[in-house]
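The sequence and structure come first, and the text follows.

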Amino acid sequence: MLIDTHAHIDGEEFDADRPETIARAQEAGVEAIFVPAIDLQSSQRIIQLCAQYPGYLFPMVGLHPEEVKANYRDELEKIKELIQPHRSSLIAIGEVGLDYYWSREFEREQLDAFEQQVQWSVETRLPLMIHCRKAQNEMVHLLKKYARELPGGVFHCFTGNEHEAEELLQFPQFVLGVGGVLTFKKSHLPEVLPSVVPLDRLVLETDSPYMAPVPKRGQRNEPAYVTLVMERMAQAYGISPQELEQHTNHNVRRVFGCP
């Protein structure tokens, strides 16, 4: 059984066939789906959605860096208020982090929002689901301040090189989340991962509905396709899909404590 550690199954892309999408995941052998939030509205929506699929969908709350705007402090305050009443069902603080790919307009605000949510993780012992794009130096610098206190988490959507992987692996309680990019024709991940990333530092994800793996590339991604990521990763490491599954499931349970 597989675990998709990152799927935006609450998104409008699934409004027309969400139950069918979840059924396809179950049929494909996916035993759990972790659902990240991006803002207050999605945090509230995800908590309600996951309550309809207890023990299968697992919610997170958080403010995504691309959603950090001038009013981010108000947004954070309201998201934080959701944590305590739902602490028993929440699996992580996420999706949080830094993203300077498109713009640095809210650079300081993103840093502040990320640091506040890192502090939530320390306080609540909930792991972090971290998004980072064009900001690894800043992210690593900030995390080092809290390295001894952090419960752990996932560096989501890892697509970097050997040096970037090694820099992230210096946080021993964290793992790298790998998705459909692994299967892309020009991806260097099949060479990078086995060279520097041990099997006990990896988890599988889809980031549905984005970045569908080959041969579904260009289509809407969905949790059932995590099997394609697993197969390509097993191939890259020269082991059976079953062995990879055992490793990644163990890693999920070590970081998140469930399912």
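A search of the whole structure finds six aromatic pairs, where rings of Phe, Tyr and Trp (its six-membered ring) pair if their centres lie within 6.5 Å, and planes under 30 degrees apart count as stacked, over 60 as edge-to-face and the rest as tilted. Phe34 and Phe58 form an edge-to-face pair, 5.5 Å centre to centre with 75 degrees between the planes. This pair links distant parts of the chain, with Phe34 in strand E2 and Phe58 in strand E3 (residues 57-61), 24 residues apart. Helices (H or I, at least four residues) and strands (E, at least two) are DSSP runs, numbered from the N terminus.

Phe34 is buried at a relative accessible area of 0%, and Phe58 also counts as buried, at 13%. Buried means under 20% relative accessible area, exposed over 50%, and partly exposed in between (1.4 Å probe, protein chains only). The rings of Phe171 and Phe174 have centres 6.2 Å apart and planes at 70 degrees, so this pair is edge-to-face. Both Phe171 and Phe174 are buried. Phe34, Phe58 and Phe256 form one aromatic cluster.

The model is predicted: local features need pLDDT of at least 70, side-chain atom pairs count only at pLDDT 80 or more, and totals for chains, interfaces and linings use all residues. Residues are numbered from 1 along each chain as its sequence is written, and side-chain values use heavy atoms, with hydrogens and water left out.

The table gives some of them.

| Glu222 | Arg24 | 2.7 Å |

Glu222 forms a salt bridge with Arg24. The pair links distant parts of the chain, 198 residues apart: Glu222 is in the loop between strand E8 (202-204) and helix H8 (226-237), and Arg24 is in helix H1 (residues 18-27). Glu222 is buried, with a relative accessible area of 5%, whereas Arg24 is partly exposed at 31%.

Glu31 lies in strand E2 (residues 30-35) and Arg253 in helix H9 (residues 241-256), so the pair ties together parts that are 222 residues apart in sequence. Arg253 counts as partly exposed, at 34% relative accessibility.

Salt bridges that share partners join Asp17, Arg24, Arg220 and Glu222 into one network.

Which residues of H1 are buried? They are Arg18, Thr21, Ile22 and Ala25. Seen down the axis of H1, the buried residues fall within an arc of 95 degrees, so they line one face of the helix; the arc is that of the directions from the helix axis to the C-beta atoms. What covers them includes E2, helix H2 (40-51) and E3, where contact means heavy atoms within 4.5 Å. Just after H1, Gly29 takes a positive phi of about 95 degrees.

Key. A salt bridge is a side-chain nitrogen of Lys or Arg within 4 Å of a carboxyl oxygen of Asp or Glu.
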